[in-house]
Amino acid sequence: MPAESMTTSERSYLQEGGRFKGVFSWIFTTDHKRIGILYLASIFTFFSIGVIIGLLMRLNLIEPGRFISERTYNSLFTVHGVIQIFLFIIPGIPASFGNFFLPIHLGARDVAFPRLNIFSWWLYISGGALVILSIFLPGGAPDTGWTFYAPYSIRTTSNVSLAASGIFIVGFSSILTGLNFVTTIHRLRAPGMTWFRMPLFIWSLYATAWTQILATPVLAITLLLLILERSFGIGFFEPLKGGDPIMFEHLFWMYSHPAVYIMILPAMGVVSEIFPVFSRKNIFGYKAVAFSSLGIAFFGYLVWGHHMFTSGMSDISRVIFSLITFLVAVPSGVKVFNWIATMYKGSVRVDSPLLFCLAFIFLFSIAGLTGLIIGTLSLNLYLHGTYFIVGHFHYTMFGGAGFGFFAGLHYWFPKMFGRMFNERAAKIAWLIMFIGFNILYFSMFLLGLQGMPRRYFQYLPQFRMNHILSTVGSWILAAGLLIMFGNLIRALFRGEKAPANPWGGSTLEWTLPSPPGRENFRETPVVRGGPYTFE
Amino acid sequence: MRNTVDRNEGSISEKHLDYAGAKMGMWIFLFTEILFFGGLFLLYSVYRVKYLADFHSSASELDIVLGTANTIILLTSSMFMALSISSLRKGRKGRSILFQLITIGLGVFFLVNKYFEWSAHIHQGIYPDSPVLLDMARGRIIFFSLYYVMTGLHGLHVLIGVAIIAVMAAFTQRETVSPLDFVKLENTGLYWHFVDIVWIYLFPLFYLIT
């Protein structure tokens with residue numbers, strides 16, 4: 001590993017703002033670390049809005065109609081989906097930790113296009129603002145579900161066009177971030193930083209960035225056509241004018257399935273960083289973990305049809321889509337087994353980042369296995385459009401990507417802010433969230449198996465028990481989230497000063513002071529070995 | 001080309017002078033553009049298979065003379081774009097700017113033609129959601145919608161291209177773009193050729209399939 005290059009007198013990136021003062025030194029910055037923090041703050045703001053909306057939905061479902069009307073409920077599940085997917089989990093890890101740590105992990109001073117980087121954040125915020133605006137403007141919040149399926153999305157009078165333009169703009173931000181990352185990884189690696197010495201987080205960001213680049217434009221054109229359809233009546237998705245609504249679904253999922261891997265791959269990268277550090281062992285099967293990221297990204301393009309098994313599709317295409325869906329499980333399984341093998345005979349230190357990673361493995365395994373159940377054609381016909389699907393993708397998105405995000409948040413918090421959080425409170429928060437999560441979403445699997453359709457405002461009496469259970473789970477989960485964020489926010493102001501390397505990590509960011517200086521490395525590091533070396 | 005400008009043989013380099021990095025970023029951006037138009041080409045293919053006869057009869061209503069003229073105009077403009085880059089690299093600033101201005105002129109000419117073409121159709125009452133169009137066969141509705149959306153989106157790209165080349169001409173004048181650092185102009189050229197290539201596909205798909 002490179003020689004330590006740090007002095008305590010150096011001013012950190014938090015103090016050194018560049019040309020501008022105050023808030024402008026943040027929103028006009030080109031420093032990748034500040035941009036990472038901007039994203040982190042905005043992403044968690046949108047996340048909290050999404051959580052509150054989710055809680056309201058669950059609240060309705062203990063006593064349908066008592067608190068919330070049908071129309072509002074439709075808007076709630078739409079806006080909840082749009083916010084959590086497009087504004088929280090897709091930009092999530094790459095835009096925040098990716099921006100902060102990608103150049104540092106590579107031994108670079110910044111990303112390849114720093115000005116494009118801050119421009120991406122501006123696009124993200126503008127798009128997000130439009131989405132939020134679409135909730136409040138006259139016309140009403142979108143009520144189509146986050147998938148905007150035609151023809152209803154063409155006919156509804158709610159603010160679908162506004163929300164779609166917001167997502168279109170956020171999509172641009174996502175494309176530009178991906179472009180920036182790929183170029184940075186190709187061009188700005190420090191001397192000696194060969195492809196197979198890169199931390200696995202970078203490999204996962206690389207796979208993610210390509211997916212962002214190659215999939216997002218398809219979403220962009222789909223949403224653009226939806227907007228044109230609503231404003232000019234072009235008829236591509238309107239059966240009366242010769243169009244075909246199924247084509248909307250194809251185009252939509254051609255992006256939105258790969259997008260699932262945009263969400264989960266970076267989280268896999270984060271846990272691949274954490275397992276070696278907390279097991280004091282090199283990662284088991286470095287190349288297998290690296291290539292499985294690319295494998296997941298590749299297969300991710302070829303499985304979109306499994307969202308449409310019941311929409312109308314030939315038997316042969318369904319069999320092929322189902323088969324490829326099963327193939328995705330192979331690289332995912334490779335990763336899970338390699339993480340576990342990394343811990344085997346390691347000297348495992350059970351700190352909060354590792355706890356979140358263990359929860360990640362547990363929840364992601366449930367997500368993956370239930371994914372195989374609904375990827376099976378015969379079972380899919382029964383389970384499609386039920387709460388089973390809702391349970392499945394929340395285990396993937398929140399249990400997988402979300403817990404991976406929180407793992408990274410605890411792992412890198414001391415480095416990003418130079419403060420330590422209260423470890424005990426973090427563990428308590430973790431436990432409460434883990435319990436609440438499983439009560440909230442596991443009961444959805446049961447509801448789905450009983451036949452409860454998703455997105456329904458009202459339900460039959462036999463579903464009541466599980467709905468109440470699920471809502472109680474949502475409260476427990478929310479309490480855990482409050483404790484976690486409370487603990488971290490408190491640490492921002494009152495936390496102890498963090499040492500340069502609190503966890504004993506061996507990647508490049510731990511050679512820098514906490515928080516790092518403005519230019520990252522005073523001298524360009526020369527890399528002489530792999531990323532995970534422990535004595 | 002590489003030996004004149006590629007000053008960054010090491011893998012770490014100053015951000016503003018990374019020639020290969022800037023080119024790479026542009027190529028990746030063009031990939032995303034291909035996929036962006038790709039969604040439309042996909043719709044075109046599906047609906048053409050579905051409404052083969054309607055597509056062929058509708059295509060005969062487009063003005064093949066204007067279409068051909070526009071193809072020639074755009075191809076010529078691409079040639080001038082390439083000439084402006086090679087002039088600049090030989091250090092002939094004035095000629096480079098002249099060629100860029102010719103490129104802009106041809107781009108505008110293309111748009112003017114397009115304007116007259118669209119106006120003629122709209123005058124006949126053929127535009128998305130128009131009563132005349134809705135009375136026609138479904139395949140024809142889709143054909144003309146695709147025609148408007150695809151040539152419209154392409155026209156928007158031409159317009160953006162014209163604006164960017166205008167900025168480049170100003171940059172060349174101020175020597176922000178110079179024989180030593182011309183990657184911005186070269187990337188603009190790549191974009192312009194891309195716009196050209198999209199048209200090369202649009203032309204046969206809409207005008208020549210009669």
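**View 1. Chain A as a whole matches a compact globule.** For its 535 residues, a compact globule would have a radius of gyration near 24 Å, and chain A comes in at 23 Å, which agrees. Please keep in mind that this is a predicted model.

**View 2. Inside chain A, the secondary structure is helical.** Chain A has 16 helices and zero strands. Of its 535 residues, 58% are buried.

View 3. Chain A brings 34 residues to the contact, and chain B brings 30 residues. On the chain A side, helix 7 (160-187), helix 8 (200-232) and helix 9 (245-279) each supply at least two residues. Helix 8 of chain A gives the most, with nine residues. Sorted by class, the side of chain A that touches chain B holds 22 nonpolar, eight polar and four charged residues.

**View 4. A look at B:M79 in helix 4 of chain B.** This helix spans residues 64-89. Is B:M79 buried, exposed or partly exposed? B:M79 is partly exposed, because 14 other C-beta atoms lie within 10 Å, a count between the 12 or fewer of an exposed residue and the 20 or more of a buried one. B:I197 can be found 13 Å from B:M79, C-alpha to C-alpha, although the two are 118 residues apart in sequence.

Notes: Residues are numbered from 1 along each chain as its sequence is written. Chains are lettered from A and ligands numbered from 1 in the order in which they are written. This is a predicted model: local features need pLDDT of at least 70, side-chain atom pairs count only at pLDDT 80 or more; totals for chains, interfaces and linings use all residues. Two residues are in contact if their C-beta atoms, placed from the backbone, lie within 7 Å. Helices (H or I, at least four residues) and strands (E, at least two) are DSSP runs, numbered from the N terminus. Ala, Val, Leu, Ile, Met, Phe, Trp, Tyr, Cys and Pro count as nonpolar, Asp, Glu, Lys and Arg as charged, and the others, Gly among them, as polar. The radius of gyration is taken over C-alpha atoms; the globule rule is 2.2 Å times the number of residues to the power 0.38.
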